[in-house]
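User: Could you go through this one with me? I'll ask as we go.

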Amino acid sequence: MFAYSFLVIASLTIVKPVRTSLLLTKQGPETLPYVFLLIAFVTPLFVVLYNMASKRIRLNRLIAATTIASISSLLLIWFLLSIGYHAVWFIYAFYVWVTIYGLITTTQFWLLANYVFNAREAKRLFSVIGSGAIAGGILGGYLTSALAPTLHTTGMLHFCYVFLAICLVLQYLIWMRSARATYGERLRRQERQRSLQEDPSPWGLLFQSRLVVYIAAIVGIGVVVGTLIDYQFSVMASESISDSDEMTAFFGFWMSNLSIASFFIQILATSRILKSFGVNTALMFLPFAIIVGASTVMFFPTLWAASALKVGEGGLKQSLHKAGLELLCLPVPMKLKNRVKVLIDVAIDNLATGLAGAVILVLLIFDFTGVRELSAVIFSLSVIWIYLVYRARADYLNAFRQAISKRAIQPEDISYEIYSSMRADHLIGLLDSNNEKQLLMALGYLENMGDKRLASHLVRLADNSSSGVLRSVYRIARSSPSVDLTAQAYSHLAHGQAEVRVAATRYLVRRSNSKKELISGFLASSDVRLRSAAIVSAAKEWVSDNEFRASVDLKMLFGEFCAMVETDSYSHEIGLAMAEALSIAPQIELSRCIEVLLQSESHVVASHAALSAGRTRDERFVDLLILQLENKYRRKSIREALSEYGEPITDRLSAILCNNEVSYRIRFEIPRVLSMIGTQKCFLLLSDSLGLKNVKLRYEVIRALNRMRTRDDSLKVKSKKLDRVIWAEIQSYYDLVSVLNCVEGNHAIEQTPSTGGQEFVARKLLIRALIEKLTDNLERIFRLLGLKHSPKDMYHAYLGVTSDASDQRANAIELLELVLKPGMKSALIPIAECASRKELVEFGSSLFGLKIASETAGLNALLGGDDDWLRTTALYLRWFKEPDSESHDYTTFESHENLIVRETAVRVKQRVLPSTVA
Amino acid sequence: MLTTVEKVIFLQDVDVFAKIPLEDLAYIAMIADEVSAEAGRVIYSEGDVSDSMYLVLDGSIRLHRGGVEVMVAKPRDVFGTWALFDNETRIVTATSVEESSLLRVDKEDFLDLLSDHSKITEGVLKVLAAKLRNLVG
């Protein structure tokens with residue numbers, strides 16, 4: 001694809017100077033406006049025809065046909081030019097043909113790329129392919145500049161058709177190797193989607209959003225100004241250069257320079273300008289640069305000045321301006337954006353070219369086409385252009401507001417950091433919003449940016465009804481001495497929301513000169529809600545304000561409340577406040593108080609107390625905390641609390657995880673706690689537990705390891721040991737497939753529930769259970785592979801392997817081929833390729849020597865396996881399959897630890913051996 | 001008296017449980033009680049608090065509203081499913097047509113189960129999301 005993009009753009013950069021120099025030398029620059037008008041009328045017709053053809057002809061055939069037609073056209077053009085045929089219509093047609101050729105070949109290239117790469121590959125590779133195009137642009141231009149004087153203008157066309165012929169071969173190879181498989185599938189998908197969608201007129205859509213209208217206007221005026229600059233450049237070039245070969249070389253040289261300028265602006269300046277100045281100002285760079293350039297041309301009407309203007313305009317347009325427009329489109333709803341993009345790219349572009357032609361004609365009529373006059377027109381239009389960008393600013397902000405409240409913007413979808421490109425002005429504007437989400441976002445970002453203007457808005461915002469906003473306001477006001485919210489804070493001490501009361505109390509304490517006295521006063525209040533807020537505020541201030549910490553002894557301050565807790569004479573509010581306060585500012589000396597709160601009946605109080613216990617790292621709490629892992633309402637805080645202890649308790653936790661005597665629920669939570677501690681030791685302890693027989697526990701261990709590895713890729717596991725575990729999982733997969741194959745075989749014989757009876761139902765149940773287990777098994781394999789290789793890659797490979805889409809599966813297989821070692825690759829690829837059950841069984845047999853030849857053997861394997869659910873469903877099937885057999889030993893299962901296994905075994909025995917049970 | 005496995009066999013056909021793995025469905029089976037209703041017994045009335053979902057094991061249940069029959073639930077049919085998910089009152093009356101046997105899933109027990117078994121929650125959400133997608137698309 002790189003070579004394809006390189007050659008397409010190189011051929012285009014060669015043919016463009018050829019057509020321009022031919023038109024200028026054979027017909028004169030005054031014919032340019034007519035050609036522009038012709039382009040405006042003819043190009044849309046070709047686009048419509050092309051669209052109609054694309055609906056009827058398969059993409060590969062269409063691309064091949066247009067490429068062959070282009071090569072033939074180029075050969076014909078070369079032939080006619082070489083025999084000296086320079087008819088007016090022919091030169092005009094050649095000029096228009098090049099425009100259409102450029103539009104269609106580039107469109108076709110990206111269309112093909114769309115079928116070759118999936119979204120993930122596209123993100124990774126499109127920039128590489130884009131650089132191929134830039135390199136092609138540079139080479140094409142310099143080749144023209146260097147060789148046109150020797151090979152002559154006509155001779156340059158040899159390069160174009162040779163390049164295109166190579167493209168034809170490349171297109172075939174790309175299609176056969178990469179695009180063919182996905183094309184049919186996507187086509188069907190698109191057809192389905194198309195049939196579901198109504199297709200309103202895109203022109204109507206354009207006017208659905210004012211921002212879109214401005215974007216279209218900015219693009220349109222950009223094309224008009226660009227065409228005028230092109231015209232001026234062409235006129236000045238034709239006045240200075242008369243020889244067509246020399247002119248071709250001249251245009252080629254400047255086109256290369258334009259590509260280089262565009263490349264450097266993109267690499268060095270685009271991101272910085274967008275970050276420093278924001279989208280709107282960045283979009284003003286191009287018209288402003290044109291104003292400077294046009295003024296220079298006005299005062300120094302030389303070819304060099306016009307060339308500099310042309311290079312500056314082209315270079316900025318392809319880089320900074322393009323990126324700015326992309327960002328300006330960001331808040332436009334995706335659906336609308338997709339629909340109007342084609343309209344703007346094709347229709348507006350052509351209309352504007354035609355309009356530019358009309359403008360030049362009008363100027364010609366009034367004899368207003370001197371260099372200075374034209375520069376004045378370019379200057380004036382650029383001023384209008386800047387005005388349009390300025391006007392778009394308000395609509396951009398509004399569209400942003402809407403997109404933010406609808407959460408329609410995903411920062412990862414864009415190429416620039418969104419918030420750095422949003423100016424503080426926009427955020428200040430959002431402070432007038434009535435939307436809570438917008439206000440909170442603006443407050444948060446302005447606070448981080450340290451914008452001084454924020455302070456002046458705080459007094460007004462302190463009357464806001466949202467508790468979230470009030471909390472933010474007091475938080476910001478605490479570090480803004482110039483703002484006085486004392487009156488508001490006193491009124492908020494009685495606010496309905498505890499968080500607001502705490503925020504107001506903290507604000508008052510922070511501003512007070514006698515902090516200790518003030519907080520003591522609040523703590524002694526008769527209002528229990530204020531006392532509670534004061535307890536939490538005191539803890540928060542104690543942690544965050546050194547001055548407060550130095551002046552206050554928290555144990556003394558909380559003494560009265562601790563006594564209340566320890567003697568069990570506290571209210572819920574005080575208990576909650578004390579638990580929260582001690583979780584914020586843990587005091588080991590108050591451990592008795594924490595212990596009492598930890599055993600509170602209130603889950604909220606106990607959860608806060610757990611956090612407090614964890615933060616003290618007092619080992620006396622560990623057993624109590626572990627026991628409370630059984631309680632689902634407290635589990636989250638307990639996990640956090642245990643993780644606070646860090647490495648000193650990891651061996652203890654690991655021992656619990658592997659201890660069959662401990663409650664399953666407690667063991668189930670341990671991997672997560674270890675993952676939260678997150679050290680290399682925890683990683684190794686967890687990987688040592690990968691051999692746990694209980695599948696659900698093993699899955700939890702794997703998940704915990706995945707979480708840790710995703711957070712910190714420096715964590716290492718013993719590779720050989722991990723390989724053994726992965727192989728065991730793969731073998732287990734093949735084992736299950738083998739059993740499934742036997743059970744499915746018998747299922748197919750019976751056909752229906754009426755002929756198969758209860759046995760049919762039982763077998764169907766087992767089949768579903770086996771299929772579900774296979775899915776779980778595959779997930780475990782890929783999760784384990786994520787510990788060995790890139791977790792992200794393995795996650796995508798898993799999604800691909802389990803996807804119904806063949807292109808995604810093919811990508812996943814390709815990735816596995818690249819990443820896995822030969823042995824593991826050969827075991828996993830058949831699974832990923834969804835080989836038939838029979839093939840998998842044969843393969844598993846050759847790989848692991850599996851010998852499950854019958855359903856009975858399969859059932860026995862399941863009954864003796866590690867999975868309780870499969871054991872249950874196998875037991876249940878055997879009940880109906882072999883009702884008369886007395887040879888089965890049910891005793892083992894009657895006393896099984898799993899309730900459902902036990903229950904099923906008892907019932908089976910009742911049925912098979914009723915007299916024994918009786 | 002059904003075993004847990006047998007209850008699973010019935011429950012796997014319930015629309016809203018279709019995406020829950022069988023092993024996790026067994027937890028729902030464990031909270032599902034078998035209840036019997038003699039002919040003519042009103043299981044619940046229009047306007048009652050919705051507190052459980054029912055699956056017909058045997059017999060038939062007539063669902064009617066203001067005297068108009070809405071449907072007759074036969075073996076393996078489910079009624080009152082949405083009681084598990086909202087607090088709206090019953091919109092129909094359910095009356096046993098004949099001696100019937102039912103499987104009853106209590107809302108409180110079910111919600112308790114959801115908080116402990118993420119696969120059950122995931123399965124229910126998948127079904128609801130698919131229904132929503134069908135409505136929208």
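User: What does Arg837(A) touch, leaving out residues up to four places away in sequence?
Analyst: In this predicted model, Arg837(A) touches Val737(A), Leu740(A), Asn741(A) and Glu744(A), where a contact means that two C-beta atoms, placed from the backbone, lie within 7 Å.

User: How far apart are Arg837(A) and Asn741(A) in sequence and in space?
Analyst: They are 96 residues apart in sequence, and from C-alpha to C-alpha the separation is 6.2 Å.

User: Before I go on, what are the numbering and confidence rules here?
Analyst: Residues are numbered from 1 along each chain as its sequence is written, while chains are lettered from A and ligands numbered from 1 in the order in which they are written. Because this is a predicted model, local features need pLDDT of at least 70 and side-chain atom pairs count only at pLDDT 80 or more, whereas totals for chains, interfaces and linings use all residues.

User: Chain A overall: how many helices and strands, and what share is buried?
Analyst: Chain A has 42 helices and 0 strands, and 42% of its 918 residues count as buried. Among its contacts between residues at least 6 apart in sequence, 75% join residues at least 24 apart.

User: At what angle do helix 28 and helix 29 of chain A pack?
Analyst: Helix 28 (residues 650–657) and helix 29 (residues 664–677) of chain A pack at about 150°, with their axes 9 Å apart. The two helices are therefore roughly antiparallel, a label for angles over 145 degrees.

User: Which residues of helix 28 of chain A meet helix 29 of chain A?
Analyst: From helix 28 of chain A come Thr650(A), Leu653(A), Ile656(A) and Leu657(A), and they meet residues of helix 29 of chain A including Ile666(A), Arg667(A), Ile670(A) and Pro671(A). By class, the contact has 9 nonpolar, 1 polar and 1 charged residues, with Ala, Val, Leu, Ile, Met, Phe, Trp, Tyr, Cys and Pro counted as nonpolar, Asp, Glu, Lys and Arg as charged, and the others, Gly among them, as polar.

User: Switching to backbone angles, what is phi for Arg617(A) and Arg76(B)?
Analyst: Arg617(A) has a positive phi of about 55°, and Arg76(B) has a positive phi near 80°, although neither is a glycine. Most residues other than glycine have a negative phi.

User: Where is Arg76(B)?
Analyst: Arg76(B) is in the loop between strand 5 (68–73) and strand 6 (78–79) of chain B, and with 13 C-beta neighbours inside 10 Å it counts as partly exposed.

User: And the contact between the chains, how many residues does each give?
Analyst: Chain B gives 11 residues and chain A gives 15. On the side of chain B, helix 1 (4–11), helix 2 (22–31) and helix 3 (107–116) are the elements that give two or more residues, and that side divides into 5 nonpolar, 4 polar and 2 charged residues.

User: What ipTM and pTM does the predictor give the complex?
Analyst: The predictor gives an ipTM of 0.85 and a pTM of 0.59. Chain B averages a pLDDT of 90, with 99% of the residues scoring at least 70, pLDDT being the predictor's confidence in each residue, from 0 to 100.

Technical notes:
Helix = DSSP H or I, 4+ residues; strand = E, 2+ residues; numbered from the N terminus. Buried ≥ 20, exposed ≤ 12 C-beta atoms within 10 Å, placed from the backbone. Axes fitted to C-alpha atoms, helices over the stretch in contact; angles between N-to-C directions. Parallel < 35°, antiparallel > 145°, perpendicular 65-115°, else oblique.
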